[in-house]
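Hello,

Here is the structure I promised to pass on to you. Have a look at it first, and then read on for my notes.

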Amino acid sequence: MSQTSTEIAARVGEILDAHEGMEGSLLPILHAIQAAYGYVPRDALPIIAKRLNLTRAEVHGVMSFYHDFREDPAGKHVLKLCRAEACQAMGGDRVAQHAQNRLGIDWHQTTKDGQITLEPVFCLGLCACAPAALVDGKVVGRVDEARLDAIIEGVR
Amino acid sequence: MKLYVPRDAAARGLGADEVAAAILAEAAKRGLTVDLVRNGSRGMVWLEPLVEVATDAGRLAFGPMTVADVPALFADLAAHPKALGLTEALPWMAKQTRLTFARVGVIDPLSLADYESHGGLAGLRRALGMDSAAIVAEVTESGLRGRGGAGFPTGIKWKTVAEAKADRKYIVCNADEGDSGTFADRMLMEGDPFTLIEGMVIAGIGTGATKGFVYLRSEYPDAIEVMTAAVDIARKSGLLGASVLGSGKAFDMEIRTGAGAYVCGEETSLLNSLEGKRGIVRAKPPLPALQGFMGKPTVVNNVISLATIPVIFERGAAFYKDFGLGRSRGTIPLQIAGNVKFGGLFEVAFGLTLGEIVDHIGGGTATGRPVKAVQVGGPLGAYFPRALFDTPFGYEEFGAKEGLIGHAGLVIFDETADMLKQARFAMEFCAIESCGKCTPCRIGAVRGVETVDRIAKGDADAIPLLTDLCSTMKSGSLCALGGFTPYPVMSALTHFPDDFAPAMKEAAE
């Protein structure tokens, strides 16, 4: 076992211990692992499967069903732009296009310098101050091109 | 000096944290001690960040505030450039009937003492003196229907669970508010979390369930933070635990975070997700009320349904039932959003017409252009043209016009909206979010995108195909995702046919 997989086994083991006895614990476990690593390392799956008495395929199946869980690390910063109707009504598509041009990436991609990952999100509940964005977990309302540029400058 | 700066996500997204920090800095500079409360939002999103200052006459409102406006709060308040007068006297506030949202924006969300001094826990105390049948009867009598969108009578659901025999029962709160244009659940959880907790406790006592879950979407980090803190406080103060308020009756609950799947707002998919599985829809029957979470009888109710329970028990079913229209009883928190001048949350009895809501309360579009369409009820709701603005806001009334009220979100579009593009988006969204269990939804949505693209290229033969496909999806899908996606598509096609003939129109010109 390499150094990293030993470390993963130990840390994932601690997370599994903390969720022992919880009803329907797989999503909370995956969230906790992602909070610890920024993604769910592949080496974690067999460990989770063994403890929950599931197959590795079942754990993978659950993980891949949900948009939130990552198999690979994201960029240093994650910029989520809302693509839903209320934001569309306020020019969200235009702002999203601007973001893609400005960063030179498509949805789900990370800039070459590893700084920013761009992701779509469907509704942040900021529909009365659209378009909306989530920057590293912080909400931003009324995002036009200028505000988006400021966000990008701010995190870079 | 006591000031209020909302901690609501919309207010924070518009700079409330910066304004709050500036207030504290300015006070420190002047050597003053201020009591700064981070309250919920009053719902006037166009005025956020809305700062309030407590005075002997009542709370004075200032907004939309910027950091530069802060120093003037420490001078003559009447002369402040952003002064709006008494909050309660503002037309937006004065015209509402706030029952579910009575405390939101008023109290400190995480102060149980503040909650109680504004009527909180009165409903639960009354319920603790009633037996299960009387609690369920009170809910049935109130006429409350599922505020998540399905409109199923809450009392009947509770009765089924109450009468089911099982060793364990559960209360699950559906806080997976994924519909665009809706934010009532978020505002309530961020602004008055104890109301939801109290409603869930009453549901537990009434049906014999001892454990509750709030399935809260991950897109709401602020709501997760507030709800988690509130549950902790409730447990420490005996509102949750082995003996609720010393009654000897047990009820406890957990906050669970979703993982970005829209379909998990569907109750059976939500239950699978809560059990740690893929969020695949279950076929019904069995009803979740009989075999829900872990196969046990489970009440699955929306945030607003559960948060309305305390006021029903505090004021009585008859009081609540007195508001409304036809079979839509009580009040509904309208969420007015998208391209709108005055956007936000407006709680009112059912029955206002769509036109009154859009033109009079919302004030028309933010861009000042004419309103072209209003999508009511989220991504699965129909697009209504101005011709249908006389439709009264009620479950049956919208159903009769081939629409739905859903979770009562309204997204307004101005005349620049392309309805073919909106129809395509509805299909695209369904394709992205389909759980994959049933064919009409999984395959139909993909074919739907292709068919709309054919129409966009001028292929008029594809129009009857799209209509046929929508009919198949509507009647053949297992849940509302595939089953209701035809609403936005068909309403766009029916009410805005010109947008579906661009290529042909260009050729004619």
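Predicted model: local features only at pLDDT ≥ 70, side-chain atom pairs only at ≥ 80, totals over all residues.

For chain B the mean pLDDT is 97, and 98% of the residues in chain B reach 70 or more.

**Chain A**

Chain A has seven helices and four strands. Read from the N terminus, these elements come in the order α-α-α-α-β-α-α-β-β-β-α. Along the principal axes, the C-alpha atoms of chain A fill a box of roughly 50 × 35 × 25 Å. The chain is divided into domain 1 (3–65) and domain 2 (77–155), and the C-alpha centres of these two domains of chain A are separated by 30 Å.

**Where the chains meet**

How many residues of each chain take part in the contact? On chain A there are 35, and they touch 45 residues of chain B. Helices H2 (26–37), H4 (56–65) and H5 (85–88) and strand E4 (138–140) of chain A each supply at least two residues to chain A's side. H2(A) gives the most, with four residues. Sorted by class, the side of chain A that touches chain B has 23 nonpolar, eight polar and four charged residues.

**Chain B and its domains**

Chain B is divided into domain 1 (2–94), domain 2 (115–321), domain 3 (334–414) and domain 4 (419–508). The C-alpha centres of domains 3 and 4 of chain B lie 22 Å apart. Eleven residues from domain 3 of chain B and 14 residues from domain 4 of chain B form the contact between them. On the domain 3 side, that contact has seven nonpolar residues, three polar and one charged.

Let's begin with helix H9 (residues 193–207) and helix H10 (residues 221–236) of chain B, whose axes come within 9 Å and cross at roughly 60°. H9(B) and H10(B) are therefore oblique to each other, and their crossing is right-handed. B:Pro193, B:Phe194 and B:Ile197 of H9(B) make the contact with B:Val226, B:Met227, B:Ala230, B:Val231 and B:Ala234 of H10(B). What classes do these residues belong to? The contact has eight nonpolar residues, no polar and no charged ones.

Next come helix H16 (residues 419–433) and helix H20 (residues 486–495) of chain B, which pack at an angle of about 165° with their axes 8 Å apart. That angle makes H16(B) roughly antiparallel to H20(B), and H16(B) passes H20(B) in a left-handed crossing. From H16(B), the contact takes B:Met419, B:Gln422, B:Ala423, B:Ala426 and B:Met427, while H20(B) brings B:Pro488, B:Val489, B:Ala492 and B:Leu493. By class, there are eight nonpolar residues and one polar in this contact, and no charged ones.

The remaining pair is helix H17 (residues 439–456) and helix H18 (residues 462–476) of chain B, with axes that come within 10 Å and cross at roughly 160°. Are these two roughly parallel or roughly antiparallel? Angles over 145 degrees count as roughly antiparallel, and H17(B) and H18(B) are therefore roughly antiparallel to each other. H17(B) passes H18(B) in a left-handed crossing. Among the residues that meet here are B:Gly444, B:Arg447 and B:Gly448 in H17(B) and B:Leu465, B:Leu466 and B:Leu469 in H18(B). The residues of this contact divide into ten nonpolar, five polar and two charged.

**Backbone details to look up**

Most residues other than glycine have a negative phi, and most peptide bonds are trans. Here are some exceptions:

- The peptide bond from A:Ala130 to A:Pro131 is cis, with omega near -10°. A:Pro131 sits in the loop between strand E2 (116–121) and strand E3 (133–135) of chain A.
- B:Lys284 and B:Pro285 are joined by a cis peptide bond, with omega about -5°. You will find B:Pro285 in the loop between helix H11 (267–274) and strand E9 (298–302) of chain B.
- A:His108 is not a glycine, yet it has a positive phi of about 70°. Its place is in the loop between helix H6 (92–103) and E2 of chain A.

Happy exploring, and best wishes

Terms used. Residues numbered from 1 in each chain as written. Chains lettered and ligands numbered in written order. Axes fitted to C-alpha atoms, helices over the stretch in contact; angles between N-to-C directions. Parallel < 35°, antiparallel > 145°, perpendicular 65-115°, else oblique. Left-handed = near helix turned anticlockwise from the far one by under 90°. Contact = placed C-beta atoms within 7 Å. Nonpolar A, V, L, I, M, F, W, Y, C, P; charged D, E, K, R; others polar. Domains from an automatic or database assignment. pLDDT = per-residue confidence, 0-100.
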